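Please keep the sequence and the structure in view while reading.

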Amino acid sequence: MKEFAIENMFDLNETIAKELFEGKTYPWEVLPEIGAFIKKIGKTLDPEEYEYREGDVWIAKTAKVAPTACINGPAVIGPEAEIRHCAFIRGNAIVGAGSVVGNSTELKNVVLFNGVQVPHYNYVGDSVLGYKSHMGAGSICSNVKSDKKLVVVKNGEEKTETGLKKFGAILGDHVEVGCGSVLNPGTVIGRNTNIYPLSPVRGCVPADSIYKKVGEIVRKK
């Protein structure tokens, strides 16, 4: 499971939430702490750079937020981010600098590193998306198992208990998820990996790979 440790998944210099990951081994360990962390750092943000809105919402003054977007706190929207028409941010959300949250996309309990794109009809809940990762139109992070049991991260025969009932997906830096894909609860995708469109993804996908379908993952050349 070492391949999917925080140090092998992300450039922590590409998020305002670097401190949140410190002292932890795996990315999903931050999920229960996102809301409290936002309230902590929000109070330290420069009022010359960020506008405070009621409900523990801090929005960078250079961000573009559509008047039809709904942002519930706690939340931080970073510099140059774009929150488009009818985006729905339910709370406990960090949207990194230069990220795009698009039309009818819904976020809840997430960390989006800088430069992330979730631009078209995406659902991202209880998840972490690394630097410049991208989710194609209609791709979603399913965050609760159908049997409502706690999520277990599976990497081949290796299993890691998370203790979490709600856990969507972890995307490393520069991951590309194809349109219409479903990332099942506890999915972890390594850096620089591509997921084919219309893929049902489960478990761990190695870095520098192409996920074509269940049972067919090839290394990039």
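Is Cys70 buried, partly exposed or exposed, judged by its relative accessible area? In this predicted model, Cys70 has a relative accessible area of 33% and therefore counts as partly exposed. The points below take up the cysteines, then the core, and finally the pocket.

**Cysteines**
- The count of disulfides comes to zero, where a disulfide would need a pair of cysteine sulfur atoms within 2.5 Å.
- For Cys70, the closest cysteine sulfur belongs to Cys86 and lies 10.0 Å away, which is too far for a bond.
- For Cys204, the closest cysteine sulfur is that of Cys141, and because the separation is 14 Å, it is likewise too far for a bond.
- Cys204 has a relative accessibility of 12% and so counts as buried, whereas Cys70 is partly exposed.

**Nonpolar core**
- The largest nonpolar core holds 67 residues, and among these Phe21 and Trp28 touch the most other members.
- Leaving aside residues up to four places away in sequence, Trp28 is in contact with Met1, Val153, Thr160, Thr162, Leu164, Phe167, Ile170 and Val188.

**Largest pocket**
- The volume of the largest pocket is about 170 Å³.
- The residues that line this pocket are Lys145, Val151, Val152, Lys154, Asn184, Pro185, Gly186, Arg202 and Gly203.
- Sorted by class, the lining of the largest pocket comprises three nonpolar, three polar and three charged residues.

Definitions and conventions:
Residues numbered from 1 in each chain as written. Predicted model: local features only at pLDDT ≥ 70, side-chain atom pairs only at ≥ 80, totals over all residues. Heavy atoms only, no water. Buried < 20%, exposed > 50% of the residue type's maximum accessible area, 1.4 Å probe, protein only. Core = buried A, V, L, I, M, F, W, Y, C linked by side-chain atoms within 4.5 Å. Contact = heavy atoms within 4.5 Å. 1 Å grid on protein atoms, 1.4 Å probe; cavity = no way out; pocket = protein on both sides within 12 Å on 5 of 7 lines; lining within 4 Å. Points joined across faces, edges and corners; volume = space filled by probe spheres on them. Nonpolar A, V, L, I, M, F, W, Y, C, P; charged D, E, K, R; others polar.
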